[in-house]
Amino acid sequence: MIPDDIKTRTNDLITGEFPEYCWTDTAMGDVRRRNNVQEYQTIEFPNPEIECYAGMFRFGREYKDLVDNSGSVKGAGELSCYSDRLWFDIDNGKLEKARA
């Protein structure tokens with residue numbers, strides 16, 4: 001069961017300023033299982049819970065077409081994208097060490 005607060009936050013991403021930018025790369029179970037492009041509104045959270053990954057940026061339909069046709073996100077850097085969040089990826093449990 002997905003908590004209501006997660007559903008609300010996910011829907012906010014879809015109904016934001018640029019709803020046509022709704023496609024992102026996902027991976028379930030391991031980040032190496034990428035190249036599975038989904039619309040934010042259709043991402044299903046696994047039960048039982050496992051590691052999940054969703055891209056930080058949202059793309060238009062051409063992103064999905066690229067991955068469907070090539071099997072890779074290679075070349076996506078040339079496509080327009082959108083993010084309504086400022087993301088941080090901290091790879092150390094000690095914030096001060098990560099900041100340094």
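Leu-86 sits in the loop that runs between strand E5 (81-82) and helix H3 (95-99). The model is a predicted one. In it, Leu-86 has a relative accessibility of 70%, and because exposed means over 50%, this residue counts as exposed. Leu-86 also takes part in a nonpolar surface patch of about 490 Å², which is made together with Phe-88, Ile-90 and Leu-95.

**The chain as a whole**

The chain contains 3 helices and 5 strands. Read from the N terminus on, the elements follow the order α-β-β-β-β-α-β-α. Of its 100 residues, 25% count as buried. The accessible surface of the chain amounts to about 7400 Å², and carbon and sulfur atoms account for 51% of that surface. Contacts along the chain can also be sorted by separation in sequence. Among contacts between residues at least 6 apart, 52% join residues at least 24 apart.

Strand E1 covers residues 23-28. How many of its 6 residues are buried? The number is 5, so the strand is mostly covered, where buried means under 20% relative accessible area. E1 pairs with strand E2 (residues 36-39) and with strand E3 (residues 52-54). The table sets out the two pairings.

**Arg-58**

Arg-58 belongs to strand E4, which spans residues 58-59. Is Arg-58 buried or exposed? Its relative accessibility is 2%, and since buried means under 20%, Arg-58 counts as buried. What lies 2.5 Å from a polar atom of the Arg-58 side chain? It is the backbone oxygen of Tyr-21.

**Two residues side by side**

Leu-86, at 70% relative accessibility, is exposed, whereas Arg-58, at 2%, is buried. Leu-86 is in a loop, while Arg-58 is in a strand.

Notes. Residues numbered from 1 in each chain as written. Predicted model: local features only at pLDDT ≥ 70, side-chain atom pairs only at ≥ 80, totals over all residues. Heavy atoms only, no water. Patch = residues over 30% accessible without salt bridge, like charges linked within 9 Å, V, L, I, M, F, W, Y side chains within 5 Å. Areas by Shrake-Rupley, 256 points an atom, 1.4 Å probe, with all protein chains shown as cover. Salt bridge = Lys/Arg side-chain N within 4 Å of Asp/Glu carboxyl O. Helix = DSSP H or I, 4+ residues; strand = E, 2+ residues; numbered from the N terminus. Buried < 20%, exposed > 50% of the residue type's maximum accessible area, 1.4 Å probe, protein only. Pairing = 2+ DSSP bridges. Polar contact = N/O pair within 3.5 Å; in protein donor to acceptor, adjacent residues only side chain to side chain. Contact = heavy atoms within 4.5 Å.
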